[in-house]
Amino acid sequence: MKNKTFQSLTNPLAKNNPVLVQILGICSALAVTTQLKPALVMGLSVTAVCAFSNLVLSLLRNGIPDRIRIIVQLVVIAALVTIVNDILKAYVYDVSKQLSVYVGLIITNCIIMGRVEAFALSNKPLPSLLDGIGNGLGYGAVLVIIGFVRELFGNGSLFGYQIIPECFYEAGYVNNGLMLFPPAALIIVGIIIWVHRTTNKDLQEK
Amino acid sequence: MELLKLFIQSVFIDNMVFSFFFGMCSYIAVSKSVKTANGLGLAVTFVMLMTVPLNYLLENYVLKAGALSWLLGEEMASTVDLSFLSFILFIAVIAAFVQLLEMFIEKFSPSLYNQLGIFLPLIAVNCAIMGGALFMQQRAFATVGEAAVFGFGSGFGWWIAILVMAAIRERLAYSNVPKGLRGPGLAFIITGLLGMAFMIFSGFQMN
C-alpha cells in the first residue's frame, strides 16, 4: 500500500508524464517558456493548484452530485487560481506581469481537470494530494527543460544571467532569435516527445 | 473599417493557435480527421462569438472598479472593485453557456447534436475560449461590437488552424514516419512549421 501511494507521486514525473504522454496542458507550457524564471514560477503555481484542487475535491467527492460536478470542479479550481494569482502579484510582480493571462488559464489547464476527474474523485485525500503534486512537478519539469533551451539559445542567458561568454560573440556567435518565437517551442516539445518515446518503446503508436 | 482591421488582425496576425498556443490540447487530440475538426471548429467559433461579448458586458457593468455606478450611484460605486472575481465569473459564464447550447442543439437539431456529440462539453475547458475572455479584459475594447468581432475573429482563426492541421495529418497517414515520432510528436513539429508560415503575417501593417 505504502509503495502504491508513493508511486502516484513518482509515476507522473517521467513514465506517465502529463505533458509528454497524455498531451495535456500544452497551452501554457509553451507560452511562458521564453525564459527560465517564468517557466519555473508557472510550474510551481500549477503544482500548488493541482495538489490543492485534488485534495479539496477528494474530500468533497462523496457530497457532489454527478450531474453538476463539472461546475463544482471549475469553481473550486477558479477560486484556487484566484488565490495563486493574488500571491504572485504580491510577491513576484514582474513575473506575474510576464505571465499575464496565462495565470488565469491555469483554470482551463487540462491537467488539473483531468487529474480531478480521473483520480481525485475516486481516491482518498492523501493519494490524491500526492498525485496532484506529482503531476504538477511532471508538468514543471517539462516547462523547465523547454525554458532552459529557449533562454540559453535565444538570449545566451539563464535566469537572466549571461552564460555564453562575451568572446563567443566577438568570434561571430549570434543568438538564435527564432528560439524566442512560438514555433520554436512547438518544435522543441515535438523533439522531447520523440526522445521520450524512443526510450519508452511501449508508448509508440503503430 | 476599424472592425474589419480588428477581424483580420485576430484571424491572421494574432492567431489563437500559432501565436498564443490557445486550445492546443483539443487541437492536437481532435485534428485526426477533417470532418470532426470542422465540427469542433464551428462549435468553438460560435461559442467564442457569444461568450466574449457576454463577458465583456459582465466586465464593464459588474466587475471593473466603478462599474456598478448604474446600480449604486457614482460615489458608492467608486469604492467597489470586484475584479478579483473575474476568473470565477468568466468560467461560470462559459460553462453555463456551453451547457445551454448543448441542450438547445439537442432539442432543435438532433442531427447536428449527433455530429458534434462529445465535443460540446469539451469546449468548456478549451483554453481558447477562456483566453479570449481574458484578452478581452486586458485589451479593454471600447464597445461590445468590437468585443464580438474579436471573439468571432479569434474563433475563426482557430477553426482555420485546426482544418489545415487535420488535412495535413490525413495525408500523413500514408507516409513512413520514424516510430518515436508518430502521433503527437510529429503533430507538434508540423504545428511549429505552420506557425513559422503564419509569422509572415506579423509583418503586416494594419493602419
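These legends go with close-up views of a predicted model.

**View 1. B:Phe7 and B:Phe156 form an aromatic pair.**
A pair of aromatic rings is described by the distance of the centres and the angle of the planes. Across all chains, 17 aromatic pairs are counted. B:Phe7 belongs to helix H1 (residues 2-13) of chain B, and B:Phe156 to helix H11 (residues 144-172) of chain B. The pair links distant parts of the chain, 149 residues apart. B:Phe7 has 22% relative accessibility, so it counts as partly exposed. B:Phe156 is also partly exposed, because its relative accessibility is 28%.

**View 2. B:Phe20 and B:Phe135 make a tilted pair.**
Here the ring centres are 4.8 Å apart. The planes stand at 50 degrees, so the pair of B:Phe20 and B:Phe135 is tilted. B:Phe20 sits in helix H2 (residues 16-20) of chain B, and B:Phe135 in helix H10 (residues 127-139) of chain B. Their pairing therefore ties together parts 115 residues apart in sequence. Are B:Phe20 and B:Phe135 buried or exposed? Both are buried. Ring pairs also join B:Phe20 and B:Phe135 with A:Tyr102 and B:Phe22 in a cluster. A charge is found here too: the charged end of B:Arg139 sits over the ring of B:Phe135, 5.0 Å from the ring centre.

**View 3. Helix H1 of chain B packs against H2 and H11 of chain B through its buried residues.**
Which residues of H1(B) are buried? They are B:Leu6, B:Ser10, B:Val11 and B:Ile13. The helix has twelve residues, so at 1.5 Å a residue H1(B) should span 16 Å. The end C-alpha atoms of H1(B) lie 15 Å apart, which agrees.

**View 4. Residues of chains A and B line the largest cavity.**
Rolling a probe the size of a water molecule over the atoms shows where empty space is left. One cavity of 30 Å³ or more is counted. The largest cavity holds about 30 Å³ of space. Its lining consists of A:Gly25, A:Cys27, A:Ser28, A:Leu105, A:Asn109 and B:Cys127.

**View 5. The second largest pocket is lined by 18 residues.**
This pocket holds about 480 Å³ of space. Which lining residues lie nearest the centre of the second largest pocket? They are A:Asn85, A:Lys89, A:Ser100, B:Phe87 and B:Gln137. Several helices give two or more residues to the lining. In chain A these are helix H4 (69-91), helix H5 (93-99) and helix H6 (101-104). In chain B they are helix H7 (86-108) and H10. H4(A) gives the largest share of the lining, four residues.

**View 6. B:Glu102 lies in helix H7 of chain B.**
B:Glu102 has 17% relative accessibility, so it counts as buried. What does B:Glu102 contact, leaving aside its neighbours within four places in sequence? B:Glu102 is in contact with B:Tyr113, B:Leu120 and B:Pro121.

**View 7. B:Leu186 is part of helix H12 (residues 184-198) of chain B.**
B:Leu186 counts as buried because its relative accessibility is 18%. Setting aside neighbours within four places in sequence, B:Leu186 is in contact with B:Leu172, B:Val177 and B:Leu181. The C-alpha atoms of B:Leu186 and B:Arg169 are separated by 9.3 Å. Along the chain, B:Leu186 and B:Arg169 are 17 residues apart.

Notes
Residues numbered from 1 in each chain as written. Chains lettered and ligands numbered in written order. Predicted model: local features only at pLDDT ≥ 70, side-chain atom pairs only at ≥ 80, totals over all residues. Heavy atoms only, no water. Phe/Tyr/Trp six-rings, centres within 6.5 Å; stacked < 30°, edge-to-face > 60°. Buried < 20%, exposed > 50% of the residue type's maximum accessible area, 1.4 Å probe, protein only. Lys NZ or Arg CZ within 6 Å of the ring centre and 35° of its normal. Expected span 1.5 Å × (residues − 1). Contact = heavy atoms within 4.5 Å. 1 Å grid on protein atoms, 1.4 Å probe; cavity = no way out; pocket = protein on both sides within 12 Å on 5 of 7 lines; lining within 4 Å. Points joined across faces, edges and corners; volume = space filled by probe spheres on them.
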